[in-house]
Structures are given as structure tokens and as C-alpha cells.
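Keep the sequence and the 3D view open while reading.

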Amino acid sequence: MSTAYADVKVADAARAPAPRAARRIVPARYPLRTAASAAGLVIIASVAASVLGNPRWGWPVFAQWFLAEPVIVGLGRTLLLTVMGTLFGSLLGMALALARVSGSRLLGGVAWSYVWLFRSIPLIVLLLLLNNLGYLYATISLGVPLTGITFAQWSTTALISPFAAAVIGLTLNQAAFSSEIIRGGILSVDHGQREAAAALGLPRHRQAFGIVLPQAMRSILPAGFNEIINLAKGTSVVYVLALPELFYTVQVIYRRNLDVIPLLMVATVWYLIILTVLSAAQRRIERRFARGATRDARSVTRSRESAPTGVARAPLPFARGGTVAIEHVSKSFGDLRVLDDVTLRAPSGSVTVIIGKSGSGKSTLLRTINHLERVDDGEITIDGGHIGYRAEGDALYELKEPEILRRRTEVGMVFQSFNLFQHLTVLENLVVAPVWSRGIARAQAEATARDLLARVGLPEKADSYPRQLSGGQQQRVAIARALALRPKVLLFDEPTSALDPELVNEVLDVIRELARSGTTLLIVTHEMGFAREVADTVVFMDQGRIVETGAPAQLFAHPREARTAEFLSKVL
């Protein structure tokens, strides 16, 4: 090193700032919060000292009766009424809620009438009516209505004891309120979750109890536990039936010994214990159903880090592509004609891209292919077979839903907003349809799912929840989920429109690979460059009609229709 250069280095070192010692981080302080907390503790301590230090509360008498046999027996009856009222009321309330959202006007009307009636009748009145039912009906019979045919008959007074009247009354009352809580929870679940479950061919009961209700529980639980706690306290109303539950037992004791306050405190403390146990149970159950509802930043990685570098992905698996034939299909929503005499053919293994402005009917056309939307006229077949109908002569008879769900597994669908099941892990999202729609053994379904995740570059995300993934990762999981059923046809409804620009390519890469695999693809997109690259056929739609169809080179470079040229001039 020359002397001059060394002198420069020394001078630079002299001018450079000295290294700074690590600084201590001091969290912000909130003195008002501290003062408010201290004031609260002082108030609690003052109240506790006043209650415990006042001999008029009769704590020796409280201690004498707190664990006395009559009190424990009454407490047991209170707990039994609470458990039975909660169990039977919740089951009946769930049935009523499902009836309300079933789409059947008759079932919905019956359920609404029940809720209206039993929310209107005060519980104490209902209990007294049930206890005196023998006055109105001397016997209760089992037989064929309106025929006089009777199989069995019982005395009403002997059958409906005070305890039975209490259980029935609490159940009927609880069901009316529980049904509305459950219905509200069901309505809070995004409709896309139900559509995704239906698109995967899941049976109706699995849609309800495996997809919708577990997610609805996050809304149901807080209000539902409030009702259970109210029921636990409300069992005291059965004193009108002279049924010795906790409160009635305490009343009987203090009327004899005149120690009113200590005995009331016995009941109060037991109710506090019941409330504490129920609150602890609520917290644990809410945590159980909150899985996947939050996004833990520590478990999220950038999408570009998902696939191990230097490892080539194996080709994506596929079933033989099916031929899609759409013939003279029309569809209206009220007075709005969304599809107008649409005819289109997508050969086996082809890639058909549908473009057009928003509201032109593209997504609706896609949804009619797998019968998520019913057509008004025309028909759609895949390899000559229908998804939602049975052809008989010159008529198409719509199939029952179980058969539609079974046939729908031949058509995979990837939604614009992913519609992954938020309460299930990534692996469970891929496994649920093969197990419940196709009857595949779970071990085999899990092996296939892990293989698919590896092939879309997300092998390490199997145990993550959807909210812990980036948008691009979620859409790749959605593609893998659709592929898990080995469909003949894959439908993509704007697969990149909900993604940030930098995440678009990772999803398009997977679709490009599928386009080379031989699967029949129908893609609705606004990505014109992607359409030009992968499509065999490009379809331009406007106002529910197919305006022009052609090869990408022809349609993008030399459109035949003026409306097509006008649209392309705005988007290219």
C-alpha cells in the first residue's frame, strides 16, 4: 500500500463516527392507566373488606349451610336442569336455524312461527301452562292423527311431572333464542365458503357441519354462552313449580330459620362458581374454534421463499381433459339478461380464455358449467354428460342435490377470492373433498395432498392456516385443492384479480404448467398478455353474448368485430 493511500485511509478513519453503544428500548408509559387500575384495586379491596368485616352478613351461618346436603341436592338439580335445557334447547335451536336458512318457505315459516311464539311467552307463564297441561288434556296419545288410531296412551298428569315440565319449558324457551343466535352465526360466514364447498362436491351435511358451522361458532359462542349463563340463573324460575332447585331450597331454609342474608349469599356464591366454570369453558372453546382466524406474522414467509431454490417441481397431475359443450345457453336474474344464447365448445385438453369488461357475463357463464348457477335455456355437457340434469327425451330434469354434488367433482373451480376454508389447515383444505366427496382413504388423500403442495411450491405450508399465507400462496393452495379431485375440467374465475401485482406471476406460472398438462382449462381473466401466451382460443364477451372467438394471434392482432377492437384498444 502506498504512503499517500495509507494517509487517506487514516484520515477517513479519523472522520468516521465512533461506534454507538446499543441503546436500551423503553416502552411508553401511561400514568392514567396505572392510576385507574390502582383506583379499581382500592375499590375492590374496600368492598371486600366491608362485606367480609360486617358481622351482619352472617358468615358463620353461611359456612354452616354452604355445603349442607339440602343445598348440594338443590345445586345438583340446578346443574341438571341447566345441562338438559342447554343440550335439548341447542339441538332444537340448531334445527330451527337450519330450517330458517334452508330456502324452503314452508320450513322457514314454521321455524319463524315457533321463534315468534316462544320468545313472546314469558318463561314463568310457559312453565305454569305445562304444569297444568293435565287440566286441558287428560291423556297424551301416540297414534295416527285425525284417524282415531292409537298405539299408546298415558295420563298427562303422571307423564308431565314438575321436573319434566321444567325441562320441557326451559328447552322450548332456550331453543327460540338459541336458534336466532345460531342463524346469525351461519349468516356471518362468507357465502363464498358455501360455494367452495358445493363446488368441491361436499355432501350437504358436510357443508353444514364441517364447513359453515365451525366457522359460525366464532360468532355463536359469545352470545350462546350468555344464553347458557342466563339459563343457569333462570332455573330459579322453576320455584313456581315447587321444584327444589338451588334457589327454592335456599328459600325453604331461610323461611324456617329467618337467616335471609346468609342463605341468599349461599345461593349467590354457588351461582358465581357456576358462572366462573362456564366462563372458563367458554374461553377454552372459543380458542378451539378461533384456529385459523388470526394471522401470525412469525409463521408467514414471502411467496418467493416458498419453493426451495434449485429444486425442480415435478409436473402437476391431471385427469384426461373433458370436452365442454355449451349450446344456446341463456340466463337471467330478474329482468337482467346475463347470458344471451351463448354457444361455445372447449375441446379436450384445450385452454379457453374468456375476456370482456366487468358485467359482460363471463363469471356467470363459468358458474353455469358446474351448475353453481342454473340456466334458463340451453344445455351444457362435459364429454356428453350433464352435471345438473338428466336428459330424457326432449327434456332435461334437474337432479337431486346429492347426485349434482357427486357429478360436480369432475369440474374443479378456482375462485377469485380463493375461498379457502379458514378454520382448516392447508393440508385439511386439500384432503376434505377427496375424503368426503370421493370416499378416498384419508392416508391416501393426505399423501396426494402433500405431493400437490410440493408441486405448487408450498410443501412446508401443510400445517399453516390460510390467513398465515400471502395472497399468491393462498391461490396456489386453491389450485392444488381443485386438482386434488382429479377433475376433467378446471375453471378459473379471475384467479389473479385479488392479488398484488408482484404476486400475480407465481399463480400464472402454475396455470401455465397446467396449460401444458392436457387438462381442459376455461379461464376468465383480465391478464391480456397471459391470455395471448397460454390460450388456444380466446373468447370476447359483451352484454351476455359471445361477440368474437378466435386464436390469440388473430383476435389480438386482427379482431374481426368493431366491439372487440374497441375493447382491446383500451386494455392493450
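**A glutamine in a helix**

Helix H10 spans residues 191-199, and Gln193 lies in it. The model is predicted. Is Gln193 buried or exposed? Gln193 has a relative accessible area of 5%. That value is under 20%, so Gln193 counts as buried.

What does Gln193 touch, leaving aside residues up to four places away in sequence? Its contacts are Ile211, Gln215, Asn419, Leu420, Phe421 and Gln422. With Leu420 there is a polar approach: a polar atom of the Gln193 side chain lies 2.8 Å from the backbone oxygen of Leu420.

**A nonpolar patch on the surface**

Six residues are listed here: Leu142, Val144, Ile149, Phe151, Trp154 and Leu159 form a nonpolar surface patch. Together they have about 590 Å² of accessible area. Two elements give two or more residues each, strand E1 (139-144) and strand E2 (149-155). The largest share, three residues, comes from E2.

Ile149 lies in E2. Its relative accessible area is 46%.

**A covered strand**

Strand E5 covers residues 351-355. How many of its five residues are buried? Five of the five are, so the strand is mostly covered. In a regular strand, side chains alternate between the two faces of the sheet. In E5 both faces are covered. Val351, Val353 and Ile355 are buried on one side. Thr352 and Ile354 are buried on the other.

Which strands pair with E5? One is E11 (residues 520-524), joined to E5 by four bridges and running parallel. Another is E12 (residues 537-542), also parallel and joined by four bridges. Ile354 has Val524 as its bridge partner in E11. Ile355 has Phe540 as its bridge partner in E12.

**Salt bridges**

Side chains of opposite charge can pair when their charged atoms come close. Searching the whole structure gives 19 salt bridges. Three of them are tabulated here.

| Arg204 | Glu401 | 2.6 Å |

Take the salt bridge between Arg204 and Glu401. Arg204 lies in helix H11 (residues 204-234) and Glu401 in helix H15 (residues 401-408), so the pair ties together parts 197 residues apart in sequence. Arg204 is partly exposed at 47% relative accessible area. Glu401 is partly exposed at 33%.

Arg374 has a relative accessible area of 43% and is partly exposed. Glu398, at 38%, is partly exposed.

Arg512 and Asp509 both lie in helix H19 (residues 501-515). They are three residues apart, about one turn of the helix. Is Arg512 buried or partly exposed? Its relative accessibility is 16%, under the 20% limit, so Arg512 counts as buried. Asp509 is partly exposed at 41%.

Some salt bridges share partners. Asp542, Arg563, Glu566 and Lys570 are joined in this way into one network.

Conventions:
Residues are numbered from 1 along each chain as its sequence is written. This is a predicted model: local features need pLDDT of at least 70, side-chain atom pairs count only at pLDDT 80 or more; totals for chains, interfaces and linings use all residues. Side-chain values use heavy atoms; hydrogens and water are left out. Buried means under 20% relative accessible area, exposed over 50%, partly exposed in between (1.4 Å probe, protein chains only). A polar contact is a pair of N or O atoms within 3.5 Å; within protein, one must be able to donate a hydrogen and the other to accept it, and residues adjacent in sequence count only if both atoms are side-chain atoms. Contact means heavy atoms within 4.5 Å. Patches are made of residues with over 30% relative accessible area and no salt bridge: like charges are joined within 9 Å, nonpolar side chains (Val, Leu, Ile, Met, Phe, Trp, Tyr) within 5 Å. Accessible areas come from the Shrake-Rupley method with a 1.4 Å probe; for residues, only the protein chains shown count as cover. A salt bridge is a side-chain nitrogen of Lys or Arg within 4 Å of a carboxyl oxygen of Asp or Glu. Two strands pair if DSSP finds at least two bridges between them.
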